[in-house]
Amino acid sequence: MGIVSPGFQGRPRSSGPELPPGQYLTEDFPVLSAGPTPRVPMDRWEFVITTETSREHRWTWAELMALPSETPTVDLHCVTKWSKLGTTWQGVSLDTLMSDVDTAADYAFVHSYGGYTTNLPLADLLDGQAWVAYKFDGDDLAPAHGGPARLLVPHLYLWKSAKWVRGIQLRFDDEPGFWETAGYHDYGDPWREQRYQGD
Amino acid sequence: MARAAIPGRLTWRVGKLAEARAETPTARTLVLDVPGWPGHLAGQHVDVRLTAEDGYSTQRSYSIASSADGERVELTIQAVPDGEVSPYLVQTFSPGDPVELRGPVGGWFVWRTSGMDPVLLIAGGSGIVPLMAMIRARRAAGSRVPFRLIYSVRTPDDVYYADELRRRVRDDAGLDVTFVYTRAVPDGWPHPPRRVGVADVNTNGWPPALTPDCYVCGPTAFVETVADILVALGHDPRRVRTERFGPTGG
């Protein structure tokens with residue numbers, strides 16, 4: 001237990017759903033990003049998976065829309081401490097996008113329009129754990145929240161769910177991304193409170 | 001985007017409130033003594049952890065307001081209505097009381113005193129806090145990098161660091177400050193309240209050709225608007241760094 005803060009009560013203890021350590025519940029959907037929101041013309045939008053042998057698998061917006069989609073309802077946990085529960089999305093599972101991709105890579109390096117990057121093990125993108133999401137709560141995903149499409153990997157802190165996703169490089173080695181290079185954790189499991197390097 | 005690195009593991013430290021200063025009726029600066037504090041860059045933040053007697057604890061992130069100064073760290077906290085942590089820090093937390101914190105955190109929304117390019121700071125409300133750290137760091141380092149601050153506030157009473165900003169504009173060569181009032185203006189102000197627009201940024205910022213480093217901090221809608229304006233005026237998006245204070249900062 002930490003040092004007691006004299007006179008601090010905190011919110012009434014609820015018997016509600018358990019949150020990861022250090023997180024608090026919000027009903028809002030706060031926005032966090034490091035720079036201006038990029039605007040991507042839909043006719044030039046593309047999503048590319050590049051394998052470790054430089055083989056490219058490419059989808060235009062129309063091609064992405066033509067793929068079977070899923071509507072996961074998931075909890076979001078942001079490293080800035082807020083959690084938002086029961087959010088519903090629509091998007092294409094990475095299992096679908098990876099189905100024709102031949103790879104022996106262990107890691108994924110995700111890159112976005114605007115230059116953002118993040119890294120995670122490839123295994124965390126598979127088996128129903130990740131989507132390229134383009135709708136939130138039934139509406140087109142707003143640019144400030146990553147529209148037209150963002151990665152959604154809800155079992156990791158939300159910075160791994162790269163907004164404005166443009167592609168994924170599959171790699172043998174784990175290359176740190178934007179926040180990871182700035183001191184944030186390489187994996188980012190909220191239930192183990194892996195916020196920063198060394199956590 | 002460029003890369004930035006901060007090394008090492010972040011451990012929880014116990015700070016003690018040395019003194020507190022009211023900035024506005026709802027915001028207070030906490031001057032903390034934090035033994036072992038490793039120093040910080042202007043623009044970084046800390047995680048603060050409060051623990052109640054029954055062991056319940058909760059955390060929030062707050063920007064650091066001060067430039068690096070030994071083991072002293074200043075935070076300016078806005079009390080969020082119905083917030084869980086900020087009303088405690090603004091109203092209850094008293095000199096001598098301990099608080100746990102760890103940091104500094106964040107290696108992107110920072111200004112380094114080695115910087116040579118002109119700097120444009122655009123603050124909305126409590127978004128002034130990390131930008132004030134940059135103004136203070138510039139002064140502490142004796143930097144001559146030209147700084148411009150555009151500070152949007154609701155009313156003259158909502159200005160943080162009002163006396164210090166007046167003093168710095170007078171004494172810190174190369175620092176310009178422009179206020180934009182959104183609800184009420186001071187007596188004799190040349191125009192009615194308004195929001196920051198293209199003209200404000202164009203007139204009181206830097207031309208894109210000077211390749212300024214731009215820092216925008218405030219509520220989400222403010223940051224979205226201002227960042228879009230900067231890009232539309234021709235600023236390189238990679239030189240526009242943003243930090244948002246959401247409505248859930250409580």
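Glu193(A) counts as partly exposed because it has 18 C-beta neighbours inside 10 Å; a residue is buried if 20 or more other C-beta atoms lie within 10 Å of its own, exposed if 12 or fewer, and partly exposed in between, with C-beta atoms placed from the backbone. This is a predicted model, in which local features need pLDDT of at least 70 and side-chain atom pairs count only at pLDDT 80 or more, while totals for chains, interfaces and linings use all residues. Residues are numbered from 1 along each chain as its sequence is written, and chains are lettered from A and ligands numbered from 1 in the order in which they are written.

Glu193(A) lies in the segment after helix H3 (178-181) of chain A; helices (H or I, at least four residues) and strands (E, at least two) are DSSP runs numbered from the N terminus. Trp164(A) is in the loop between S10 and strand S11 (165-171) of chain A, and it counts as buried because it has 25 C-beta neighbours inside 10 Å.

| Site | Feature | Angle |
|---|---|---|
| Trp164(A) | positive phi, not glycine | near 50° |
| Glu193(A) | positive phi, not glycine | about 50° |
| Gly147(A) to Pro148(A) | cis peptide bond | omega about 15° |
| Gly103(B) to Pro104(B) | cis peptide bond | omega near 0° |

Pro148(A) is placed in the loop between strand S9 (139-140) and strand S10 (150-152) of chain A. Pro104(B), by contrast, belongs to strand S6 (residues 98-105) of chain B. The C-alpha atom of Pro104(B) is 8.7 Å from that of Trp37(B), 67 residues apart along the chain. Trp37(B) sits in the loop between strand S2 (27-33) and strand S3 (45-51) of chain B, and it counts as buried because it has 20 C-beta neighbours inside 10 Å.

Chain B also holds an open sheet of 5 strands in the order S9-S8-S7-S10-S11, with parallel pairing; two strands pair if DSSP finds at least two bridges between them. Strand S9 (175-181) and strand S11 (240-244) of chain B are at the edges with a single partner strand each, so one side of each has no neighbour in the sheet. Within the sheet, strand S7 (residues 119-124) and strand S10 (residues 213-218) of chain B pair in the parallel sense over 5 bridges. Leu121(B) stands opposite Tyr215(B) in S10(B).
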